[in-house]
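Try each task before reading its solution.

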Amino acid sequence: MSEIYTVPSRVTAGSPNAITDLDAYREHWAKAQRDPDGFWLRETRSRIAWRTPPTQGLEGNYHDIAEGPIRWYADGTLNVTESCLDRHLSDRGDKVAILWEGDEPSDIQRITYRELHAKVCQASNALKAMGVGRGDRVIIYMGMVPEAAVAMLACARIGAIHSVVFGGFSAEAVRDRCIDCDAKAIITQDEGLRGSKTIPLKATVDAALESGGPVKQVLVFKRTGGEVGWTEGRDHWWHEVVDSASTSCEAEILGAEDPLFILYTSGSTGKPKGVVHTCGGYITYTSYTHETVFDLREDDVYACVADVGWITGHSYIVYGPLANGATTLMFESIPTYPDAGRYWDMVARHKINIFYTAPTAIRALAAQGDDHVKKHDRSSLRVLGTVGEPINPAAWEWYYNVVGEGECNIVDTWWQTETGGIAITPIAPATPTAPGSATLPMPGIMPQLMTPEGRVIIGPGEGLLCLAHPWPGQARTVWGDHPRFVKTYFEHFPGLYFTGDGCKRDELGYHWITGRVDDVINVSGHRMGTAEFESVLVSQGAVAEAGVVGFPHPIKGQGVYAYIVLEPGQTWSDDVVAALNQACREQIGAHAKVDLYQHVPGLPKTRSGKVMRRILRKVAEGEPEALGDVSTLADPSVVEAIIAGAKSV
Ligand code: PRX
């Protein structure tokens, strides 16, 4: 059994609602299991500003999900921005809501709750004047500027449904999303700024809209002042239409189950799907988990250094922290600019108490040596969070011993775009930790490990991770395609939500996530579908077939390995590789990079023509000896060639 770390004394419970120790945690968990409706009604009433408080908990269940989405709090009405802004004005009006640090460390803004409320009202009024209203979809394609959060909240305030697209995605990806959700408007900025490099956000939007489509209005925040193209009548400068708008705007009152946002995420097959989160359940769950997991205290400076383009940014930079009246940091830059000490320099300057990042960043920074950490004062830190991919014990221990000096608890938070918020995690003041384990489920989360054949695994064991009972923060559907939602998550094991992850459970009941068991890969915490890569690669004329899998990568967690079969008469060359790289960049985005290419004579197929992906995976993982049963292969010589030419980093 692995080493267990008890909770350091600096972390002992401090918030009024804290779960103080493991016994208290078990009590909460049991209460939520016995009476989920009672548990979640109490939580929502105590933490959310409802206009009409709900009297109902859950409606629907996983068995009947094909008939329609589950619902929580269905008779309640609210606007989530009243929980995130208005109700803080009386006692937290002058408290810093957003602490923004720009690309340059000296570029800092402190926006109070009163100021944020005013800015959100202005942006809401500007959107309304542009003809955007309740139920309309708005794409947000921005860097990490406070205006990105303002844009999200402004949509929420007027009842529009935002869909944030990470600023690394290409014009084609932006266009696909606009079309899929039939977006009326895009909010963007002239350029992004990261590590002193500019990112041409407005130019990408222009390219995305070149071929027409549903978007009629573009709102552009000026960040760098760089030259941008302009389409009169369609494009509006933020400083012209937002800054002059009224600072008061009545919130649109919505039903609990009205959509709050759509976030596109990759799966095993097809194009990314638009995961839909709704107002009442999502805001309840993000508020509850943010306060409980991190043991948030009134005076904490809380820093999650993710990007608002991913679910982590939605739930734990914007919605959860603001619902809890926290001071939340937004960070525009990268961890290595101007040097690899940037995070710890920020910790020292802002006296950050809670710091939340991804294993990729931890591994990359650990590789730069301890001096970058040690020269900055980190005594303010209490809780260190990690999210997005499994953390290897060596990285965990570096985070714990070097960054936290053994005084902070590490919360390894397992969750997904679809879970809306943290689902399996240590609770900072309560849960002893084990390096590499996400430990125990949140109250209300009921994990179940299954064998591939559908047998429940009781006690210690390894299997496929499912969740057995709905919780308020879970995704309700896929935008415009409920059957796809049902098929993706609820068909493998009837009555259970299937996460797509493998998981071990030990004698303590601790959970150890082993990674995706489907055709999704997780590169530096970015979730990508192998099918998306394959469809780009085969769209290139020289390529006959492509097979893409993940492989273990020392820094990125997983890397992308592409097996390429060329058309007859084509030859493998650096030019072919350059063309394939460019195609991935243009059709998916700058973050979609193949790490290793292998030119192969064919893909391993069964006699019925199905690609044996297991073989591609094992060879890419450097374990060709573990291929298993290959007796159904149509042409065994293909496998010999693949093994002989295998690449590694
Ligand atoms: O495989 C799991 C991994 O990330 C996947 C979800 O990706 P995404 O929807 O992009 O959300 C990432 C941020 C919540 C999961 O299916 N994952 C996430 N957190 C962890 C993790 N794997 C292991 N440990 C974690 N703490």
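**Exercise 1: a tyrosine in a loop**

Y73 has 0% relative accessibility and therefore counts as buried (buried is under 20% relative accessible area, exposed over 50%, partly exposed in between, with a 1.4 Å probe and protein chains only). Before going on, note that this is a predicted model, where local features need pLDDT of at least 70, side-chain atom pairs count only at pLDDT 80 or more, and totals for chains, interfaces and linings use all residues. Residues are numbered from 1 along each chain as its sequence is written, and side-chain values use heavy atoms, with hydrogens and water left out.

Task: work out where Y73 lies and what Y73 touches.

Solution. 
- Step 1: find the loop between β3 (71–72) and β4 (77–78); Y73 lies there. Strands here are DSSP runs (E, at least two residues), helices are runs of H or I with at least four, and both are numbered from the N terminus.
- Step 2: list contacts (heavy atoms within 4.5 Å), skipping residues up to four places away in sequence. Among those that Y73 touches are W40, L41, W50, A256 and P472.
- Step 3: look for a polar contact, meaning N or O atoms within 3.5 Å, one able to donate a hydrogen and the other to accept it, with sequence neighbours counting only if both atoms are side-chain atoms. The Y73 side chain gets to the backbone oxygen of W40 at 2.8 Å.

**Exercise 2: the sides of a helix**

Task: which residues of α1 are buried, and what do they pack against?

Solution. 
- Step 1: pick out the buried residues, A24, Y25 and A32. They sit on the same side of α1 because they cover an arc of only 105° around the axis, taken from the directions from the helix axis to the C-beta atoms.
- Step 2: find their partner, which is α2 (36–47).
- Step 3: turn to the face pointing away from the buried side, where D23, E27 and R34 are exposed.
- Step 4: check the start of α1, where a side-chain oxygen of D21 comes within 3.2 Å of the backbone nitrogen of D23.

**Exercise 3: cysteines**

Task: how many disulfides does the structure hold?

Solution. 
- Step 1: search for cysteine sulfur pairs within 2.5 Å; the structure has zero disulfides.

Notes:
Contact means heavy atoms within 4.5 Å.
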